[in-house]
Amino acid sequence: MSAQQPNQIPVHQVDLDATKKQVHPRFVRGLYQNIRLVSMYFLLALFLILPWLRYDGRQAIWFDVPSQHYYIFGLTLFPQDFYFVALFFIIAAFTLFMVTVYAGRVWCGYACPQTIWTHLFQHVEKWVLGERNKRFKFDKEPLSAKKIAKRLLIYSIWFIFSIITAATFVSYVASTDFLYGSWQSLAGIPFPDWPVWVWVSMFIFTFATYANAGYMREQMCIHICPYGRFQSVMFDKDTLIVSYDYNRGEPRGPRKKGTHPDHLGDCVQCTMCVQVCPTGIDIRDGLQVACIQCAACVDACNEIMDKVGYPRGLIRYTTERQLVEKEKSRLLRPRLFAYSALLIFLISVAVYTLTDRVPLEIDVSRDRNQLSYINTDGFVENNYIIKITNKTQQTHDYLITLAAQDGLSLRTRFSSLPLDAGESYDLPVTVVGDPAVVAKGQTQIIFNVDSKDGQYHAERQNVFTTQGQ
Ligand code: SF4
Ligand code: SF4
């Protein structure tokens, strides 16, 4: 390694060989790893617990795709509310962009499911085989009954984790009551009584979890995840990145404990930063797509610096401006303002539309085959279908009335319409017009729908047409 000082953080080209050797990271403790563990296991627990929460007698978070009802605690969404979901994802994307501009790939290191599950699966290997050296040794051992037994134990635990993950994913859609409560007896043996789509989903999620966390691991981050590729366009000189202080560390080299030869920098070439890296890279090579910014190398190097009596921070969270240009990083910068303004706007739109949303939806359509006809009493009749959707989480009785000029009246089979929570009904109604009062042509009418308790009201305009138009 040359001792020449770079005038920017070197960017290391990624090794595109996906068949490279297995990564067995050494597990390290330290400030960032503690934060990471808390963050990762909190999110994992949230994922596992959320489908078991109950609200108003049903699953609190339940995306009931077959019946097209999507419950999030007190909120019920329907396919026509899809814009909320779109808005949610846009807000999530811009939040991620903003966080990335400021804190780099903090999502990758501390919250990404790929990182969490990979960490979990690597822990299983550590639990069964021991620390890093033992795992490498185990890989090289010739096949034996003991080796097969240990491998089988690891694969079985991975498989159980994958099944639990798949069942949790599927329970957000199929509901926990259905998933764990549907049994049939096959030759006297209890067997899940699930429809095909549940079996297919269980298989896909189990396979994806097992393959991603067991085998793909860092290859997902390097070759498949698009977010890692975006980072270079989102980063600026003030973005927080895990970086090796090249100027301080080089020339690297081993030395006697308690000494610091003049011709060497602070890096003692212990390779601990490489050994702890879950993606198997060397941070000293510079910024790399494979670096998920987990800061394991920061904790590992700090531990080494403490041992050799040098100041901490040879590898640290820093910015290009601090590290290379030796200037203070700028917290407030135009890109952050732009993202913040956009986010405030989007969140305001979401809050406004959510609070302004009437949980009673009506839609009126006309009978296109016969707009207008004369009945046996000589009155003009127009037929309509009023689709009423109860978007609340309780049963309500709805009254349908007509607001129109004299001479027009409403005829319907029901004086009131009871609808269950989330239920829709297509109600046929007829508007009857007295030809002696109603002028020829089109007359504006309004259909009103009110819940009997007076809580909800919705109205739709339409037209009444007399014959001859
Ligand atoms: S852990 Fe620190 S001292 Fe050891 S090789 Fe890495 S950078 Fe050098
Ligand atoms: S280089 Fe450091 S921060 Fe990046 S992935 Fe490896 S251990 Fe984590």
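Helices here are DSSP runs of H or I with at least four residues, numbered from the N terminus. The model is predicted.

Q: In which helix does I164 lie?
A: I164 belongs to a nonpolar surface patch of about 790 Å². Two elements give two or more residues to that patch, α1 (31-49) and α6 (145-174). I164 lies in helix α6.

Q: Is I164 buried, partly exposed or exposed?
A: Buried means under 20% relative accessible area, and exposed means over 50%. The relative accessible area of I164 is 42%. This residue is therefore partly exposed.

Q: Which strands stand at the edges of the open sheet of four strands?
A: The strand order is β17-β15-β19-β20, with antiparallel pairing. An edge strand has a single partner, so one of its sides is left without a neighbour in the sheet. The edges are β17 (417-419) and β20 (457-465).

Q: Which residue in β20 is the bridge partner of F447?
A: Strand β19 covers residues 442-451. Nine bridges join β19 to β20, and the two run antiparallel. In β20, the partner of F447 is R460.

Q: Which element supplies the largest share of the largest nonpolar core?
A: This core has 34 residues; V242, Y244, I283, C297 and I315 touch the most other members. Elements that each supply at least two residues include β9 (241-244), α13 (296-308) and β11 (315-318). The largest share is seven residues, and it comes from α13.

Technical notes:
Residues are numbered from 1 along each chain as its sequence is written. Chains are lettered from A and ligands numbered from 1 in the order in which they are written. This is a predicted model: local features need pLDDT of at least 70, side-chain atom pairs count only at pLDDT 80 or more; totals for chains, interfaces and linings use all residues. Side-chain values use heavy atoms; hydrogens and water are left out. Two strands pair if DSSP finds at least two bridges between them. Patches are made of residues with over 30% relative accessible area and no salt bridge: like charges are joined within 9 Å, nonpolar side chains (Val, Leu, Ile, Met, Phe, Trp, Tyr) within 5 Å. Accessible areas come from the Shrake-Rupley method with a 1.4 Å probe; for residues, only the protein chains shown count as cover. A salt bridge is a side-chain nitrogen of Lys or Arg within 4 Å of a carboxyl oxygen of Asp or Glu. Buried means under 20% relative accessible area, exposed over 50%, partly exposed in between (1.4 Å probe, protein chains only). A nonpolar core is a set of buried Ala, Val, Leu, Ile, Met, Phe, Trp, Tyr and Cys residues joined through side-chain atoms within 4.5 Å.
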